[in-house]
Structures are given as structure tokens and as C-alpha cells.
Amino acid sequence: IIDKTKAFELAKKYFEIFVVSKEYITESNTSRINVLESYIKCLIECDQYDEAHKYCEELLSLDSGVENAHRFLVIIYIHLKKYKEAICKCEYLIIHTRDTENHIFHFLKAQCKYAIAVFEHEALSAIDICKKILEEKEYLDVVFTIGKMYENIGMYNDMKFYYLKACYIYP
């Protein structure tokens, strides 16, 4: 069994070789779209969401109506905890897909709205309370807790900042 990192590296290697080849450059947009869709699926399976996002944008630049690109973006945004962007893509798909599939996007939209309500608003207000405590003095447990709160809502840059800050307080 190959792990996700090795699978990603292997797929990336072959994709990069192919996209600079004469065959890819001279292919029709339809063929290029198919190649990009396959690669994006692989990236998502390998948890490479930022990279997948980049190629979704490229895919949409070839044809803004590629339904799978919009579907991929919903998945990517949810994993990146960009719920508002996911909701926008769900709304696009609700309008532009077959009626038999609309319930999926309504459901994903509802989940994203729930995530925003529960995680972001409540967590951010709790973080603000903790930050006010830090105005008095930098308590290690409070700094670490803020880092953990950011981790729980997927705000990893802020998480990293507070975890590193905790390391400086108690080396």
C-alpha cells in the first residue's frame, strides 16, 4: 500500500512531465480538461487541497462551465474550512446542476452554515476573551489554549503563532 505522500509525489512527477509535453500543449481543451480533472481528483485524495485549488482555477480558465471543477472546489473549501466560499459554490451548483443532485448541494450548504455558526462565531468570541486575559500577562495555559482553539476551527496560521508563542513563554 502506497501512502498519500508517495502517491502525490508520483502523480505530480508524471503530471509535470506530461503538461510540458508537445502532446498536452497541442491537445484540445476537452482533453486538457480531462487530464486536469483526473489530476485534481488525485490531489484531493492525497489531501493536497491548496494545489488542487490552483488547478481548479486553471481548469475553470479553460472552461468556466466545467461542473466538476465547481464540485471539486466545494470539497476543497470545506477541507480548508473556507465555509463561505463553499456556500457560494454550492449556490452556483444548485442553480447549474440537474434537479436530482440539488439536495446534495443544499445539504453541503447547510453543513457549511452550521460550521460557521458553531465553530467560527463561538470560537472566535472565546478566543477574544482569552486574548483580553493576555493583555494583563502572558499565561502559558491561555496562550496554548488559544492555539488549540484556532486549530479546532482550522485557522492554522494563527494556531502556529500561538503555539510558537507558548514555546517562547516556556522553552
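**Entry 1: Terms and basis**

I take buried to mean under 20% relative accessible area, exposed to mean over 50%, and partly exposed to mean anything in between, with a 1.4 Å probe and protein chains only. The model is predicted, so I note that local features need pLDDT of at least 70 and side-chain atom pairs count only at pLDDT 80 or more, while totals for chains, interfaces and linings use all residues. Residues are numbered from 1 along each chain as its sequence is written, and side-chain values use heavy atoms, with hydrogens and water left out.

**Entry 2: Tyrosine 170**

I began with tyrosine 170, which is exposed at a relative accessible area of 62%. Tyrosine 170 is found in the segment after helix 9 (156-169). For helices I use DSSP runs of H or I with at least four residues, numbered from the N terminus.

**Entry 3: The nonpolar cores**

I next looked up the nonpolar cores, each a set of buried Ala, Val, Leu, Ile, Met, Phe, Trp, Tyr and Cys residues joined through side-chain atoms within 4.5 Å. Which members of the largest core touch the most other members? They are Tyr39, Ile40, Ile44, Tyr55, Leu59 and Ile76, out of 29 residues. At least two residues of this core come from each of helix 1 (4-19), helix 3 (29-45), helix 4 (49-62), helix 5 (67-79), helix 6 (83-96) and helix 7 (102-136). Another core lies apart from it and has 13 residues, including Cys130, Ile146, Tyr150 and Tyr162. I recall that nonpolar side chains tend to be buried together in soluble globular proteins.

I then listed the contacts of tyrosine 39, where contact means heavy atoms within 4.5 Å. Leaving aside residues up to four places away in sequence, tyrosine 39 touches Phe8, Ala11, Lys12, Phe15 and Tyr55.

**Entry 4: Helix 1**

Helix 1 has 16 residues and should span 22 Å; its end C-alpha atoms are 22 Å apart, which agrees. Its buried residues are Phe8, Ala11 and Phe15. They cover an arc of only 75° around the axis, which puts them on the same side of helix 1; the arc is that of the directions from the helix axis to the C-beta atoms. Thr5 and Lys6 are exposed on the other side of helix 1. The buried residues of helix 1 pack against helix 3 and helix 4.

**Entry 5: Helix 6**

Helix 6 has 14 residues and reaches 20 Å from its first C-alpha to its last, close to the expected 20 Å. I find Tyr83, Ala86, Ile87, Lys89, Cys90, Leu93 and Ile94 buried in helix 6. Seen down the axis, the buried residues of helix 6 fall within an arc of 165°, so they line one face of the helix. Lys84, Cys88 and Ile95 are exposed on the other side of helix 6.

**Entry 6: Leucine 108 and lysine 109**

Both leucine 108 and lysine 109 are found in helix 7. Not counting residues up to four places away in sequence, leucine 108 touches Val74, Ile78 and Cys90. Its C-alpha is 8.4 Å from that of valine 74, 34 residues apart along the chain.

Under the same exclusion, lysine 109 touches Ile87, Cys90, Glu91 and Ile94. With glutamate 91, the side chain of lysine 109 makes a side-chain polar contact at 3.1 Å. A polar contact is a pair of N or O atoms within 3.5 Å; within protein, one must be able to donate a hydrogen and the other to accept it, and residues adjacent in sequence count only if both atoms are side-chain atoms.

**Entry 7: Cysteines**

How many disulfides does a search of the whole structure find? The search finds 0, a disulfide being a pair of cysteine sulfur atoms within 2.5 Å. For cysteine 46, the nearest cysteine sulfur is that of cysteine 42, 4.2 Å away. Cysteine 46 counts as buried, at 8% relative accessibility. Cysteine 90 counts as buried at 0%, and its sulfur is 5.5 Å from the closest cysteine sulfur, in cysteine 112, too far for a bond.

**Entry 8: Two loop residues**

Aspartate 47 is found in the loop between helix 3 and helix 4. Its phi is near 60°, a positive value in a residue other than glycine, and aspartate 47 is partly exposed at 38%. Lysine 81 lies in the loop between helix 5 and helix 6. Phi of lysine 81 is near 60°, and lysine 81 is partly exposed at 25%.

Technical notes: Expected span 1.5 Å × (residues − 1).
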